Amino acid sequence: MAKRGAFGRMGFVLAAAGSAVGLGNIWKFPYITYANEGGSFVLVYLLAIVAIGAPLMIAEILIGRRAQRSAVGAVAAMAQATGFGPRASRSFSGIGWLGIASGFVILSFYSVVAGWTLYYFGKCLWWSWHGFSPADAQSLGPMFSDFLADGRRQIFFHSLFSAFTMGVVMLGIEGGIEKASKILMPLLFGILSLLLLAASQWDGFSAAWRFLFHFGPINAEGILEAVGHAFFTLSLGMGAMITYGSYVSPKSSIPRSALVICLLDTLIALMASMVMFTIIFSIPEAERATSFSKSASIMFTTLPRMFYALPGGVVLAPVFFLLVGFGALTSTISLLEVVVSYFIDELGWSRKKATLIMGGLIFATGVPAALSLGAHGGLSSWAPLREGTAGVFDNLDYLASNWMLPIGGLCIALFAAFGVKSSITRTELEVGHGPWRAYGMWRLLLGLATPSAILWIVWNVIQGHRF
Ligand code: PHE
């Protein structure tokens, strides 16, 4: 690891935002919102960001900065500083272990989707060169399904993306990727703003708005998914922000940085959704059903339509998919870094060895996921966890996003609220910020609201309640 506390104020916010903003915002949020029929799902998600996500983001960064270590060691160090004995402190670090397991599981399927962005980058180059015909627009849906069912291409792009991720993590993150994020992330935001502007001229814009923001029925599973996604999209509940927090300089205000990260992340998810739903609602109803039968496809089946209807779209389309791939890369490196840093910090492995072995194992876990989208019958219909969640890919996602992250988050929240002396948390939060009036409120949310919300949801899902 490089020397700690190396990030400048902007550097940290960008790195953390780089981890937070990724496929979760641009691919997953629109697709699960579509599957959950918008409305109340979005509302619960927004509530979860404010009441659970933001306080937990503050807690994770604070633990990392104070302890100056990655997840497992940081939790143990904080427990020790509070006065727990070495044995108790070591058991607390089980929280970090759960985080490592989550990083492992998430990265394995995340890299498969990240590979899709590379494929679509190539596809858009081809369209830009040869022309994008109305027939191409109509066949976006079937084309995507064919791609999913083609095991060879799935594994090829998954391995390509895994190689990129391992390459960057092996070289250490500080150099190139930080500088690149400073240019590429604002560019992604710029193109997204342009698309939103274009969308506002399309017929489906107001229907899209109504779809996102209305009251509708929602069940316990939907609430669990919305809350789980709040963790996923903010990279919380698994120690990624603890690890990045260990690089924050004492000049930064933690509450302010956390706020900016949460706002940016939410804004990008909502903008991407408005664009995609506008396209969906601008398409005749009959065609909509065939194009969007597989909701996980909507990012890939909507956006090319709008790009190629815009002046300059031939350039913007490939650039956009490349930038989304880059956004995914700044997330995958944080996922792998959580796993790898444990083996470096605690077991003394070299960075190269840790990256190759763990990256290789994660890649291998991703292979059955890549084949479970139609390529292999048995893997695609495997449904050990719940009805309707079929295939290795869906099950890994469901397990990690809806269970492992919320449970990890619950543990971190309880630990920060009750396992660490409040004199420590208070001082740390006021470093670089000055007196923080919302401290009491923060502890209340962390110690009471977060745990009760998560436990209540889990209880209701187990009971199979509908609301
Ligand atoms: N937050 C990332 C996204 O939205 C995914 C991620 C989850 C990254 C957990 C790191 C840790 O795409």
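Student: Trp27 and Trp116, buried or exposed?
Tutor: Both Trp27 and Trp116 are buried. Keep in mind that this is a predicted model.

Student: How many aromatic pairs does the structure hold?
Tutor: There are 38 aromatic pairs. Trp27 and Trp116 form one with ring centres 6.2 Å apart and planes at 85°, so this pair is edge-to-face.

Student: Which helices do Trp27 and Trp116 lie in?
Tutor: Trp27 is in helix H2, and Trp116 is in helix H6, residues 94-130. The pair therefore ties together parts that are 89 residues apart in sequence.

Student: And Phe144 with Phe300, how are those rings arranged?
Tutor: Their planes are at 15° and their centres 5.4 Å apart, so the pair is stacked. The cut-off for stacked is under 30 degrees.

Student: Where do Phe144 and Phe300 lie?
Tutor: Phe144 belongs to helix H8, residues 140-148, and Phe300 to helix H16, residues 298-307. So this pair ties together parts 156 residues apart in sequence. Phe144 and Phe300 are buried.

Student: Back to H2. At what angle does it cross H3?
Tutor: Roughly 135°. The axes of H2 (residues 23-35) and H3 (residues 40-67) come within 9 Å. That angle makes H2 oblique to H3.

Student: Which residues in H2 and H3 meet?
Tutor: On H2, they are Phe29, Ile32 and Thr33. On H3, they are Phe41, Val42 and Tyr45. The contact has 5 nonpolar residues, 1 polar and no charged.

Student: Where is Glu37, and is it buried or exposed?
Tutor: Glu37 sits in the loop between H2 and H3. Glu37 has a relative accessible area of 56%, so it counts as exposed.

Student: What about phi of Gln68?
Tutor: Gln68 is not a glycine, yet its phi is positive, about 55°. Gln68 is in the loop between H3 and helix H4 (71-82). At 30% relative accessibility, Gln68 is partly exposed.

Student: Last one, charges over rings. What does Lys353 sit over?
Tutor: The charged end of Lys353 is over the ring of Trp349, 4.5 Å from its centre.

Student: And where does Lys123 lie?
Tutor: Lys123 is over the face of Trp126, 5.7 Å from the ring centre.

Conventions
Residues numbered from 1 in each chain as written. Predicted model: local features only at pLDDT ≥ 70, side-chain atom pairs only at ≥ 80, totals over all residues. Heavy atoms only, no water. Axes fitted to C-alpha atoms, helices over the stretch in contact; angles between N-to-C directions. Helix = DSSP H or I, 4+ residues; strand = E, 2+ residues; numbered from the N terminus. Parallel < 35°, antiparallel > 145°, perpendicular 65-115°, else oblique. Contact = heavy atoms within 4.5 Å. Nonpolar A, V, L, I, M, F, W, Y, C, P; charged D, E, K, R; others polar. Buried < 20%, exposed > 50% of the residue type's maximum accessible area, 1.4 Å probe, protein only. Phe/Tyr/Trp six-rings, centres within 6.5 Å; stacked < 30°, edge-to-face > 60°. Lys NZ or Arg CZ within 6 Å of the ring centre and 35° of its normal.
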